[in-house]
Amino acid sequence: MSSNRWLLAAGLLVLGTVFFSTAAHGLDPQRPLSQALLRIWQTPQGLPRVVIYSIFQTKDGYLWLGTQAGLFRFDGVRFVPMFADHEQLAKCWIRDLCEDNDQNLWIATEDAGLIRWRAGRVTSFGQAEGLPSNHVRCLQVDRRGDLWIGTDRGLACLRDGKVAAVNQENLRSLPIHALDEAADGTLWIATAGPAVWTSNGTAFTKQSFKALPAESTINAIHAGPGDTVWLGTSAGLLRRSGETERLFTVAGGLGSDEVLCLATAREAGLWIGTKDGYCRVQGDRLESFQSRDGLSQSTALALCEDHEGSLWVGTKYGLNQFVDRRTLLPFTTSEGLPSNDTGPVLQTEQGDIWVGTLDAGLAKFAGREFALAATLQAELPSQRILSLAGDAGDLWIGTDAGLCREHAGQIVEQFTTAEGLPANKILALCRDQAGALWIGTSGGIVKLHAGKLVKPPGLDMTRPIQALVAHPGGYLIAAVEGGELYRIADGEVTLFDEQLTGWRDVVAFHVDAQRHLWVAFRDGGLGLIDGDKHFRFRAKDGLYDDDIVGIASDDRGRLWVACSRGIFSVLAEELQQFSAGRISQINCTPFSPTDASRTIECRRGVQPAVWKMEDGRIWFSTIRGILVVDPQRSTRTLPPPSVVIEEINVNGQSTSAKQLATLPPGRTNFDFHYTALSFASPTRITFRYQLAGFDADWINAGSRREAFYTNLAPGSYRFRVLALNSDGVETESTPLEFTVRPHFYETWAFLLCVVFAIVAAAWIAFRLRMQRVKERLQVVLGERNRIARELHDTLIQGFSGVTMQMQALAARLKKPDDLATLSEIISDAGNCLSEARRSVAGLRNPENAESGLTAAITQSARQLTEGSDLRLQLQLGPLAGKFNPDVEYNVLRIVQEAISNTIKHAQASAVEVRLKSNAHEVAITVHDDGQGFDVARHLEQAQPGHYGLIGMRERASQIGATVQWRSQPRQGTTVLLSLPLSSAAALKR
């Protein structure tokens with residue numbers, strides 16, 4: 001067990017204050033012990049197979065069990081061994097437990113001395129530290145905070161962290177059996193002999209007990225209020241008040257003369273653990289609960305009453321919890337009923353409560369238990385009681401063998417078929433407003449008036465009568481088995497209502513304070529008759545069960561319904577709202593078996609099966625005895641449960657709350673184990689938790705007591721748990737705050753470094769790329785210069801020579817025709833030479849020079865149109881930036897081709913060249929007013945030797961530009977060239 005579980009419980013000190021300030025009541029002293037709800041924990045419920053010698057509840061709310069196999073902690077659900085990490089203490093025999101004012105848990109062991117347990121840390125005290133012996137038998141913390149230690153070789157005191165043996169001569173080396181402190185601070189010490197000593201802090205005084213047998217052994221001692229002291233001995237329970245002593249033994253109701261332990265009863269009296277069950281003493285009255293009553297084993301070795309009022313009993317085979325039933329109280333044979341096979345239940349006008357059984361006659365409630373009248377039982381014609389009815393001072397008893405009238409505890413009158421009954425099986429009894437008794441039998445109905453049986457006239461009712469009720473309207477309503485409802489008014493039988501022909505299998509009636517008639521159906525739900533209105537409610541409408549056996553109402557307008565599934569309640573007003581269509585669903589409140597006894601299936605076929613008593617409590621007949629509900633206490637108020645985070649595991653390793661603040665990076669998987677320290681209804685506690693920083697809202701965990709988180713991102717978190725008990729009270733744990741620290745590669749600094757590295761790498765890559773581009777460009781420029789030189793030295797020089805020779809030849813020619821022809825040849829050669837020179841100039845255009853595209857277009861356009869009749873218009877805007885030489889060259893060629901085509905083919909009178917540029921593109925337009933042409937045909941089917949349009953498209957594609965032709969007959973032709981500046985071959989900035 002790691003220390004973190006205790007560190008996490010630090011917040012429980014505050015919660016403990018609330019816990020104690022709202023402590024619940026203990027077991028009700030006015031009720032038999034058998035009426036408490038019993039829960040047993042054994043091996044199937046998670047308790048190791050151990051013998052429990054001590055039970056103690058610490059201020060934080062945990063229950064601790066000292067056994068012969070170590071120490072266990074219990075939260076209502078889980079048993080956790082405490083010495084799992086301490087091999088020497090894991091199997092030590094624990095005799096006693098106590099807690100001091102500093103929340104140290106002190107543990108008395110059989111052979112390992114005294115152990116202090118605090119926050120998971122173990123400190124041992126033995127003979128080396130001053131103990132008389134390592135065999136510690138009992139412990140007691142006094143009001144000063146000193147710890148008294150009883151060993152098998154004397155008494156010691158732990159004060160200010162030091163152990164000192166008590167050197168009182170008569171106590172030295174004697175075995176100390178029991179210790180307790182009285183309200184006035186007197187320490188009571190039981191030793192062998194038997195002998196009892198007291199100490200006022202300065203001196204020890206021996207006490208004498210006259211009623212204490214000399215051969216007895218004292219096992220337990222308890223200092224009660226005033227001067228009362230109790231001794232649990234091997235010869236019984238001894239009580240001394242002042243000078244008066246009394247010894248309680250088996251003869252007086254003690255379970256066994258061997259008393260093993262004692263504990264204070266919160267409500268009243270004292271708890272006594274014996275070798276044959278446990279007992280409660282109140283005044284001079286003893287009450288026992290033994291193994292035959294349900295205790296897990298007969299030897300009660302340890303007793304403890306917790307903060308919620310539950311009694312815990314440790315035996316050799318299990319842990320027993322007794323919880324007070326504040327809402328639903330059972331009565332069975334343990335409380336004096338002659339049989340658990342109960343039948344009708346009734347309270348007479350005199351206040352007497354009677355319960356009939358189906359196999360053991362009749363019983364009368366005597367305040368705490370039931371009493372039987374032997375004379376009455378003997379006079380009954382049958383022990384099977386099916387119906388009951390009250391009269392002025394009398395009780396009418398319907399059996400399966402006739403009708404009886406009880407008066408003053410005796411049967412004074414009997415009726416059978418011999419006296420005129422239709423049948424001897426009496427199923428229902430009812431008195432009308434005039435005081436007459438109506439008797440429903442298995443063979444029909446009769447009226448008893450003035451000592452005579454009279455069959456009512458009217459409709460024949462010879463079938464079994466299942467239910468009868470006196471309606472406030474002055475008539476009776478009878479339900480016939482398998483038939484409809486009938487009205488009995490003025491002694492005559494008629495059909496109750498023709499509209500209710502489908503209302504069959506009615507088994508019970510109830511008239512509430514508002515004169516509403518409620519009807520119970522077998523497998524047909526619940527009915528309401530209000531004047532001339534009627535309605536039925538079923539399970540599909542929200543009713544808890546359709547199989548109803550009885551109905552009653554309390555003073556708050558709530559119906560209490562007995563059914564085949566048990567007991568439920570529903571507001572009568574809500575049923576009326578549903579019948580009026582104002583609500584769409586009925587809300588019922590069921591009572592589960594955990595609120596009552598082993599089973600709560602209600603009894604059918606008896607009248608009445610449900611009855612409201614004068615004190616407001618409602619009694620229900622079931623197949624396993626009687627259940628009593630007190631609507632005034634329909635909920636039990638419990639202290640709010642304290643919530644604690646018990647354990648934290650980080651990456652599979654147990655971690656304390658303090659260690660969470662210094663977790664190294666990489667701890668991203670967390671699981672939390674939490675609990676709520678409530679024992680009255682631990683399985684009905686539900687939880688919600690939230691990890692702030694991860695969960696956007698609360699997570700509903702139901703009854704689950706653990707939460708898991710994996711792969712948490714670095715950051716700060718806050719874990720909280722809410723527990724909701726059965727009363728609807730919600731409490732929260734102490735928040736647990738922690739931080740998941742990141743690795744360096746998960747920090748912002750690392751991210752910034754990565755971003756900087758990426759930017760630097762991109763910049764370096766860009767610089768290297770630009771350097772390579774420049775190097776390649778220099779190579780290209782060098783090659784261009786070489787080609788220019790070659791053209792200049794070869795082609796241009798050759799053309800120049802040819803031109804000069806042709807000019808010389810022209811000077812010698814005399815014929816005009818030959819001279820004209822040669823002049824044309826010389827002109828063409830000159831033009832070619834000019835073009836070649838411009839090409840060479842373009843090749844030699846340096847990279848960083850200003851673009852000459854505008855000037856080149858101007859010069860080329862004027863040269864092409866010279867000597868022709870075309871009128872040239874130029875609108876060339878400025879260019880921002882410089883073109884690559886290849887781009888400029890191809891653009892110029894496209895424009896030249898457009899103008900040349902105009903001159904050669906368009907038969908135009910004017911041509912216009914425009915150039916516009918913006919931040920995105922350069923647009924050049926060549927427009928003429930010629931005859932036009934079919935663009936699609938020329939592009940698809942070029943004439944041999946006419947590839948101008950195709951060449952223009954190819955040049956545009958090389959530089960990332962687009963070229964379009966728009967032409968119509970007699971409307972000229974427009975050539976559109978668009979060059980995006982984002983193209984790789986576009987402007988250089």
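Contact here means heavy atoms within 4.5 Å. By that rule, Ser-382 is in contact with Thr-399, Asp-400 and Ala-401, leaving aside its neighbours within four places in sequence.

This is a predicted model, in which local features need pLDDT of at least 70, side-chain atom pairs count only at pLDDT 80 or more, and totals for chains, interfaces and linings use all residues. Residues are numbered from 1 along each chain as its sequence is written, and side-chain values use heavy atoms, with hydrogens and water left out.

## Overall picture

The protein has eleven helices and 72 strands. These are DSSP runs, numbered from the N terminus: helices are H or I with at least four residues, strands are E with at least two. Of the 989 residues, 50% are buried. Buried means under 20% relative accessible area, exposed means over 50%, and partly exposed lies in between (1.4 Å probe, protein chains only). Among contacts with a separation of 6 or more, 53% join residues 24 or more positions apart. The accessible surface comes to about 45400 Å², and carbon and sulfur atoms hold 49% of that. Accessible areas come from the Shrake-Rupley method with a 1.4 Å probe; for residues, only the protein chains shown count as cover.

Ser-382 sits in the loop between α3 (374-379) and β34 (385-391). Its relative accessibility is 13%, so Ser-382 counts as buried. Asp-400 is 18 residues away along the chain, yet the two C-alpha atoms are separated by 6.7 Å.

Gly-185 is found in the loop between β14 (176-181) and β15 (187-191). At 14% relative accessibility, Gly-185 is buried. Beyond its neighbours within four places in sequence, Gly-185 is in contact with Arg-143 and Ser-199. Gly-185 and Gly-201 lie 16 residues apart in sequence and 8.4 Å apart in space, C-alpha to C-alpha.

Arg-617 lies in the loop between β54 and β55 (618-622). With 18% relative accessibility, Arg-617 counts as buried. Not counting residues up to four places away in sequence, Arg-617 touches Leu-329, Trp-611, Lys-612, Val-628, Val-629, Asp-630 and Pro-631.

## Two open sheets

Strands of a sheet pair through backbone hydrogen bonds, either parallel or antiparallel. Two strands pair if DSSP finds at least two bridges between them.

Four strands form an open sheet in the order β29-β56-β55-β54, with antiparallel pairing. β29 (328-331) and β54 (610-612) stand at the edges, each with a single partner strand, so one side of each is left without a neighbour in the sheet. The twist averages 20° from one strand to the next. Axes for such angles are lines fitted to C-alpha atoms, for helices over the stretch in contact, and angles run from 0 to 180 degrees between N-to-C directions. Within this sheet, Phe-331 stands opposite Ile-626 in β56.

Another open sheet has four strands in the order β42-β43-β44-β45, and its pairing is antiparallel. Its edges are β42 (465-471) and β45 (492-495); each has a single partner strand, so one side of each is left without a neighbour in the sheet. Neighbouring strands are turned by 25° against each other on average, direction ignored. Ala-470 has Leu-476 in β43 as its bridge partner.

## A pair of hairpins

Strand β20 (residues 236-241) is mostly covered, with five of its six residues buried. β19 and β20 form a hairpin with two residues between them. Thr-233 has Gly-236 in β20 as its bridge partner. β20 and β21 also form a hairpin with two residues between them, and Gly-242 in the turn has a positive phi of about 65°. Here Arg-240 is bridged to Glu-245 in β21.

| Strand pair | Bridges | Direction |
|---|---|---|
| β19 (residues 228-233) and β20 | six bridges | antiparallel |
| β20 and β21 (residues 244-248) | five bridges | antiparallel |
| β29 and β56 (residues 625-629) | four bridges | antiparallel |
| β42 and β43 (residues 475-480) | six bridges | antiparallel |

## A nonpolar patch

Trp-748, Leu-751, Val-755 and Val-759 make a nonpolar surface patch of about 440 Å². Patches are made of residues with over 30% relative accessible area and no salt bridge; like charges are joined within 9 Å, nonpolar side chains (Val, Leu, Ile, Met, Phe, Trp, Tyr) within 5 Å. A salt bridge is a side-chain nitrogen of Lys or Arg within 4 Å of a carboxyl oxygen of Asp or Glu. Val-755 is placed in helix α6 (residues 748-812). Its relative accessibility is 42%, so Val-755 counts as partly exposed.
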